[in-house]
Amino acid sequence: MNVSVRGGLPALRRLILVMVVAPAMLVPVLAVPAQAAATVNSRVATFAAGPSTVTKGKAITISAQAQRVVGKQWAKTGTVTATVYFDPDGAAPNKALRTIRSNTGGRVTLSIPATVSGKWSVRLPAQGALKTSASAAKYVKVVPAPKPTSAKPASKWNCPAWAPIKGNAPSRIYHLVGQRFYNKTTPEICFTTEAAARKAGYRKSKV
């Protein structure tokens, strides 16, 4: 193609612009379908977190039932995704702890080791036609594990320093530090206190 520059640079620029834009106008525009908005109400039913008081290290069980509106009644959702939230005492605000999938009936169950006291809840994010929803919060108190009251001997003749009372299993007698037969007794069990020894069925040596 011979292009005369006699018309000046503006004419040449217009020609180049037409050659670039025209092919682009021939490409069909593909319509991207918009995602349908959530329209069905949902709820987190029969939510439970417990036991209400649990020993540190033991399991806290979280359970809930995801439901959706069908007509004028609530029905199971089928398989959905749920997020477990935790609001610990005296720490960071409520935050997402774990996301899990329910079973085919919309049932959510999760066991988590107890660490600190706080409030638990479950939320259903918007998914498919379901709107978002959340449970009420349940408070679980976590208490320290009880200290042991007895222990195995540290050696054939000695008890641990924190559990110094020697228990003789055949005689069911316990010996205190300083008593006559304390050093001569080989313990099968050691106790922290006399109360612990008596509770285990032992009696105090008379000498």
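Buried means under 20% relative accessible area, exposed means over 50%, and partly exposed lies in between, with a 1.4 Å probe and protein chains only. This is a predicted model, in which local features need pLDDT of at least 70 and side-chain atom pairs count only at pLDDT 80 or more, while totals for chains, interfaces and linings use all residues. Residues are numbered from 1 along each chain as its sequence is written, and side-chain values use heavy atoms, with hydrogens and water left out.

Start with N168. Its relative accessibility is 16%, so N168 counts as buried. N168 belongs to strand β12, which covers residues 165-168. Strands here are DSSP runs of E with at least two residues, helices are runs of H or I with at least four residues, and both are numbered from the N terminus. What does N168 touch, leaving aside residues up to four places away in sequence? The partners are I173, T185, T186, E188 and Y202. Contact means heavy atoms within 4.5 Å.

How many disulfides does a search of the whole structure find? The search finds one. A disulfide is a pair of cysteine sulfur atoms within 2.5 Å. Here C159 and C190 are joined, with their sulfur atoms 2.1 Å apart. The pair links distant parts of the chain, 31 residues apart. C159 sits in the loop between β11 (150-151) and β12, whereas C190 sits in strand β14 (residues 189-191). The torsion about the S-S bond is -80°, and the link of C159 and C190 is left-handed. Is each cysteine of the pair C159 and C190 buried or exposed? Both are buried.

Now the backbone. Most residues other than glycine have a negative phi, and most peptide bonds are trans.

T46 is one of them. T46 lies in strand β1. The relative accessible area of T46 is 55%, so this residue is exposed.

R172 is found in the loop between β12 and β13 (173-175). R172 counts as partly exposed because its relative accessibility is 36%.

P51 is in the loop between β1 (42-50) and β2 (53-55).
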